[in-house]
Amino acid sequence: MAEIVLKNVVAEFPVYGSQLSLRNVLFGRVVGGVLRRQNDTGKRVVVRALDNVSLTINHGDQVGIIGHNGAGKSTMLRVFAGIYEPSQGTISIEGRVSPLFNTSPGLDLDDTGYENIVTCGLLLGMTRAEIERKLPEIEAFSELSDYLALPARTYSTGMLVRLGFAIATAIDPEILLLDEELGAGDARFAMQAARRVKALIDRSSIMVLASHSAELIGQMCNRAILLDHGRVVADGPTKDVLELYNRMNKDERPAATLPATQAEESGQNAPAAATAL
Amino acid sequence: MQSLALNIPQRGPTRSPHYIALIDILAGLLAFNIWGRLGWRATKRRYRRTVFGPFWTTVSVALFVLTLGLLWSNLWNRDPKVYLPYLTSGMLCWTLISSICTEACFGYFNNEMLLKQLRISYTLLACATVWRNVIVFFHNIIIYVLIFIYAGIPITWAMLLVIPGFALLCLNASWIAILLGAVCARYRDILPLVGTILQISLFLTPIFWSPDQLSGRMTVLAEYNPLYHLISVVRDPLLGRAPELLHWLIVIGITLAGWVLTLEVMSKFRHRIVYWI
């Protein structure tokens, strides 16, 4: 059974600037005094992207993570994927994780479509035999036919998207992590893409989708988590959480130009929102 | 093991950092179908649309060795049939080591997209760098073969020792590549430093000259130079003689110490690398 459990997870990004270069580490040791005093006043600069998050995602859950830009959606996906390890708290995951944040890891413009299918397929965790088996399906969905034998450099942007999408969605995931940027080209392709993503989601045991689009999450998920400034504001059935999200949008719009007040407001909103559910 | 290299287990109460680092290293080394492909594609790509392809490196090394070899054997009054094979085999080894070290510095930056999507083995990426350069080395071997025929070196059984010697060289190159990738990601000053050290090492290591030409205190340049021992276990068999036992012992010692160091560093800092790139 697939499962994701987070307990009091904190994720922080260190900000590296010139002040942390090798020179300072060396001179900090040799010169001590002045430089060290400067270093001591400003502690290590970190940005807290997830703040004390605890949640459990069970087998069969199709979870949407919703929130504004910078709310911590992508970070949360990357914590699930094990890319960013929490600086505090624990995470435990049962099942194989398939992250699809970018459709084509290892895609190279100088390689042909076929070569890219093999490289990307291998990196996405498929075996050669599996790639071989899925090739007709990938060929058909990408609709690139003869172009697949040409270097990807000759493709239009839309064609590249189709190729990446066709490869990425060919996997058989257990825990599927999707970022909203899994975009689609023209309108006709968008519809085909939606159908293919739906099939991909149905093959998985757990799906987590991060997006700021309430509509998309409403279509794809049976549970939603609302994030704000790295905290879980609400967690529950999609409909209820989206309602809250829309309300929050209306409330906060005037404050958007003033970051300071926005932060204050959301701080007040957060407990109220949690009790509202 | 293949999927483990692309999906390193997450840290948990039962999994120590050492265990994770060990999986990273072992699964990475064993995922030869993936690093093999990455390295092979990169080699082909680099020389697409050129006539000689990777042989351009060979041509440049050949010209360097020929002109320098003929000039210096004349200046130093040495038999070109002795000096040229010595210089060539030494240069081939040094070129391999130096190009791996230079490219390893970019090893993790260049794969940022991959590292931010997959919990992939860093060792796998380092192996791809090593493999790419080993392929170039095998192209360059043709220079050695030509010089070998010109100098009329007798074929001996000791030449077979080039196999374990070369394997040891690659094993060392791999841990160096893993560490350099991480250190260069954290401290951007290391990159130019590596270039400078490599350049000086070419002159301070017995490649153009042989250790018996040294006298007095300068003999430390050979005795305490790890690069000299590393090169010797490949160069001596290429010249038809068995490397001294001391070379083997020192190289095996460096290999063990290097991998233990890598394991320690990776268990301590593996989870931080993604924040550095």
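Two strands are taken to pair if DSSP finds at least two bridges between them. Strands (E, at least two residues) and helices (H or I, at least four residues) are DSSP runs, numbered from the N terminus. The model is predicted: local features need pLDDT of at least 70, side-chain atom pairs count only at pLDDT 80 or more, and totals for chains, interfaces and linings use all residues. Residues are numbered from 1 along each chain as its sequence is written, while chains are lettered from A and ligands numbered from 1 in the order in which they are written.

In chain A, 3 strands form an open sheet with antiparallel pairing, in the order S2-S1-S4. Strand S2 (46-57) and strand S4 (88-94) of chain A are the edge strands, and each pairs on one side only. Neighbouring strands of this sheet are turned by 25° against each other on average, direction ignored. Strand S1 (residues 3-14) of chain A runs antiparallel to S2(A), and 8 bridges join the two. A:Ala11 has A:Leu50 in S2(A) as its bridge partner.

In chain B, the axes of helix H2 (residues 17-30) and helix H12 (residues 245-276) come within 8 Å and cross at roughly 115°. Axes are lines fitted to C-alpha atoms, for helices over the stretch in contact, and angles run from 0 to 180 degrees between N-to-C directions. H2(B) is therefore roughly perpendicular to H12(B) (angles under 35 degrees count as roughly parallel, over 145 as roughly antiparallel, 65 to 115 as roughly perpendicular and the rest as oblique).
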